[in-house]
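Let's take a walk through this one together. Keep the 3D view open and follow along.

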Amino acid sequence: MHGNRCYVKLAWIGVISVLALHAPARAEVVSPTTGQGVLAVAPDGSPRVAFLSGRDVVIARRGTAGWTFARAGRAVGEKPVLAGLSVDARGRASVLVESEDGGWLELASRGRGLRLVARPARGSSFGPAGLTLDGSGRPAFAYAVRRRSEKTYLRLVTTDASGHLRTHPITKGGFPASAMVPGAAAVLVGRRLHVVETYTNAAIDWGPKSGGGWEGQYLYASRLGSPAGHVGAAAGGRALWSAWTELTSESISVLLTISAGTQDTATVVDHGIFVSLFLAAGRPEIGAYDWVELDNSFVYAGVLADTAGPFGELDGRLEDYARAPGGRRQVLLSTGSGLEWFETPGRPATRVSVSADAGGRISGGVASVTSGVVRIYREPGHVLVANAELGPDGSFSVQDFPPTSPTLYRAVYVDPASGIPYASLLRTPVGPG
């Protein structure tokens, strides 16, 4: 929490020091750098990864000869956060950068370096912003500003054919009032840009009116919890999907809302932080990450989910999850090796299970896999304790020394084709405590 801004990206603690980019089943370490990462996929399927090296913003592009890097510029202030990355039809990347405390917004787009877009007035703060491409394939983004009075003002910024930015006011009069700085995500609905805004206890879809101006459709309202941090939105057919992290007095979860005549909201990750949302064949898929805090350390687990809930878990903290042409998926993970990129020909849905007791007996399985090895780790520290052979039914069982302090175990199965580390992390420690 940063004042009322509420960045729920749990502690940029232990954020990655090495960028490792994977060919199938093999890591390639290409840049020792610290910082957050975001992923976008070009129309030809080639990925872009933006990351921070101190205050420098770097964009990596993967081609036939490997990865190349371009410096987009140096952030104007301290504690920059990557708010979004997009790639247009010509393969040009745009990256939106914001201050963690809501003090400024910068954009690098279409070959231009970082340029300051806006600063809030004294006593005001920007909320988490969201970047997309408009109907002409030009970068557009939305953000909200919150005054000390709790009045808020929502803005949409578009790019003209010459690359100049134009700011469009969406809300007036300080509506809606919010105890936290609202999140905003621009989304293309048909050929027109909408903005999904989340604020204290509610969410609104703002769309342009035919006669000018904007009108809002409530997507969600609750007295029990409130959206916080980054919000995602995607449109397909008559449906608008949106997702965010929901804070209540008892939980931090990920909600998914569909607006298609009526509005319905469901919890898709019971405990986690929202990362990304996209549609595949008209159906939503969500990236998130879960965590366990133990011995003053955070242990992360990447989570992939859809309308039925989680369908996959990965080793490390999920930084981004994106759809690629031909039904492929791309994944960006923070692991002990660095920031790692993966691609799989379909939905990465291999399921791993694990259980353990206080005596150090560990067992579990990998669904629909009949051979191979599962790596067993102790957490915190990601200490390898065993390589367990899978039986013909996909099960495994190994014996570790009995834990002498509260311990988490993680089972990891590395897919031999994609290199993706499918995993299962215990959420409750075993051992004396």
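What follows goes from an open sheet to a hairpin, then to the cores and a single serine.

A bit of housekeeping: this is a predicted model, so local features need pLDDT of at least 70, side-chain atom pairs count only at pLDDT 80 or more, and totals for chains, interfaces and linings use all residues. Residues are numbered from 1 along each chain as its sequence is written, and side-chain values use heavy atoms, with hydrogens and water left out.

Start with the open sheet, where four strands run in the order 20-21-22-23 with antiparallel pairing. Strands here are DSSP runs of E with at least two residues, numbered from the N terminus, and two of them pair if DSSP finds at least two bridges between them. Strand 20 (225-236) and strand 23 (262-269) sit at the edges with a single partner strand each, so one side of each has no neighbour in the sheet. From one strand to the next, the twist averages 20 degrees, with axes being lines fitted to C-alpha atoms and angles running from 0 to 180 degrees between N-to-C directions. Strand 22 (residues 252-260) pairs with strand 23 over seven bridges, antiparallel, and I258 has D264 in strand 23 as its bridge partner.

Now move along to strand 26 (residues 297-306), which pairs with strand 27 in the antiparallel sense over five bridges. The two form a hairpin with two residues between them, and V303 finds its bridge partner in E313 of strand 27.

What about the nonpolar cores, meaning sets of buried Ala, Val, Leu, Ile, Met, Phe, Trp, Tyr and Cys residues joined through side-chain atoms within 4.5 Å? The largest has 35 residues, and L314, V374, I376 and F396 make the most contacts inside it. Strand 36 (residues 408-414) gives the most to this core, with four residues. Apart from it lies another core, of 18 residues, including A40, A72, L85 and A108.

Last stop: S109, in the loop between strand 9 (105-108) and strand 10 (115-118). With 2% relative accessibility, S109 counts as buried. The side chains of S109 and R115 are joined by a polar contact of 3.4 Å; such a contact is a pair of N or O atoms within 3.5 Å, where, within protein, one must be able to donate a hydrogen and the other to accept it, and residues adjacent in sequence count only if both atoms are side-chain atoms.

Key: Buried means under 20% relative accessible area, exposed over 50%, partly exposed in between (1.4 Å probe, protein chains only).
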